[in-house]
Amino acid sequence: MDRRFLIVLVVSLLFALVVSSLFYQVLIRARSSPAAAAEPAEMQDLVVAVKPLPVGATVKPDDVKVVKVPAAHFPKGAASRVEEVIDRPVISNILIEEPVHLGRLAERGSGLGLAPIIPEGMRAVSIRVDQVVGVSGFVMPGMRVDVLLTGDPPEGEGKMTVTVLQNIQVLSADQRMEPDARGQAINATTVTLLVTPQQAEVLTLAANEGRVQLVLRNGADQQLARTEGTTIAELYRRPGARLAEPPRPSMPPRSSPPPEAKPEPPPPARPAFEEIVVYRGTERKVEAVSRVALAEPGGGQ
């Protein structure tokens, strides 16, 4: 074998051993250095929910717990003590194991979470309903409904149904402002509607004057229908209007009655004189003779 090749190989191995040794020594010193030792992270208490807390619920001691988290990861605005959240109503959904933010809770004594979420200038009015009036239980917070009133108008035309309010938001059903856990409709006996002050007057008067019916509508439908109400007399007079079928095709117009025959004008009156041609020799003469004279005996002679 070439002597030069052996020398180069030996030198390379020696150089590799020296570099590896130096690197190993530096690594050992870095690990053993006190300054490089990991310091324990500072921990802080954090209040989290042990079960889902829906809007309107009041936080109880069994609803939350305290866990330890690194101070650097503590959520801004979260509660660190249970006393900060107890007996406060929830105004925004809190999921299980989610930190309880103070901004999602209303102040104590502000109501069951309902008053804080009413927009400024609006009112919340509750009415009692049953399965029929409340559209068979298909009432969920956030839906849009129309309010119909059936009663006796002061004009004395019998019972009448009119639409008194349209496109009204359902704020809560049976003091619940969220659907149930499965997203099912709520079989409610009390429905709270979000209305303006004037609409609150209308709704309160309607509930006291007659029977109120809620009618579901598409939430995307913002059109306000123009109706004049329906009386019992109209209901029996036009039963076809009650059908839910598509409108029937219009009937062809009835043929107009034949024009009345105009009486024939009377014949023109005959003149009172008759013309008579008289010949005297070669002379021809036309004379006018009275009809009375002709009617007399011998008048035509």
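Trainee: Which residue forms a salt bridge with Arg81, and how far apart are the closest N and O atoms?

Mentor: Side chains of opposite charge can pair when their charged atoms come close. The term salt bridge is applied here to a side-chain nitrogen of Lys or Arg within 4 Å of a carboxyl oxygen of Asp or Glu. In this predicted model, Arg81 pairs in this way with Glu84, and their closest N and O atoms are 4.0 Å apart. Salt bridges with shared partners join Arg81, Glu83 and Glu84 into one network. By this rule the count comes to eleven salt bridges.

Trainee: Before we continue, what conventions apply to the numbering and to the values?

Mentor: Residues are numbered from 1 along each chain as its sequence is written, and side-chain values use heavy atoms, with hydrogens and water left out. As the model is predicted, local features need pLDDT of at least 70 and side-chain atom pairs count only at pLDDT 80 or more, whereas totals for chains, interfaces and linings use all residues.

Trainee: Are Arg81 and Glu84 buried or partly exposed?

Mentor: Buried means under 20% relative accessible area, exposed over 50%, and partly exposed in between (1.4 Å probe, protein chains only). Arg81 has a relative accessible area of 47%, so Arg81 is partly exposed. Glu84 is also partly exposed, at 22%.

Trainee: Which residue forms a salt bridge with Arg217?

Mentor: The partner of Arg217 is Asp146, with the closest N and O atoms 2.9 Å apart. This pair links distant parts of the chain, as Arg217 is in strand β7 and Asp146 in strand β4, 71 residues apart. Helices (H or I, at least four residues) and strands (E, at least two) are DSSP runs, numbered from the N terminus. Both Arg217 and Asp146 are buried.

Trainee: What is the separation of Lys51 and Asp63?

Mentor: Lys51 and Asp63 form a salt bridge whose closest N and O atoms are 3.1 Å apart. Both residues lie in the loop between β1 (43-49) and β2, twelve residues apart. Asp63 is buried, with a relative accessible area of 6%, while Lys51 is partly exposed at 41%.

Trainee: How many residues does the largest nonpolar core have?

Mentor: In soluble globular proteins, nonpolar side chains tend to be buried together. A nonpolar core is a set of buried Ala, Val, Leu, Ile, Met, Phe, Trp, Tyr and Cys residues joined through side-chain atoms within 4.5 Å. The largest one here has 19 residues, and those with the most contacts inside it include Ile127, Val191 and Leu214. Elements that each supply at least two residues of this core include β3 (123-128), β5 (160-173) and α2 (197-209). The largest share, four residues, comes from β5. Apart from this core lies another, of twelve residues, among them Val47, Ile94, Val100 and Leu105.

Trainee: Which residues does Val191 touch beyond its neighbours within four places in sequence?

Mentor: Contact means heavy atoms within 4.5 Å. With those neighbours set aside, the contacts of Val191 include Val125, Ile127, Val139, Val170 and Leu214.

Trainee: Where is Asp87 found, and what is its phi?

Mentor: Asp87 is found in the loop between β2 (64-70) and β3. Its phi is near 65 degrees, a positive value in a residue other than glycine. Glu97 lies in the loop between β2 and β3, and phi of Glu97 is near 65 degrees. Asp87 is partly exposed, with a relative accessible area of 40%, and Glu97 counts as partly exposed at 45%.
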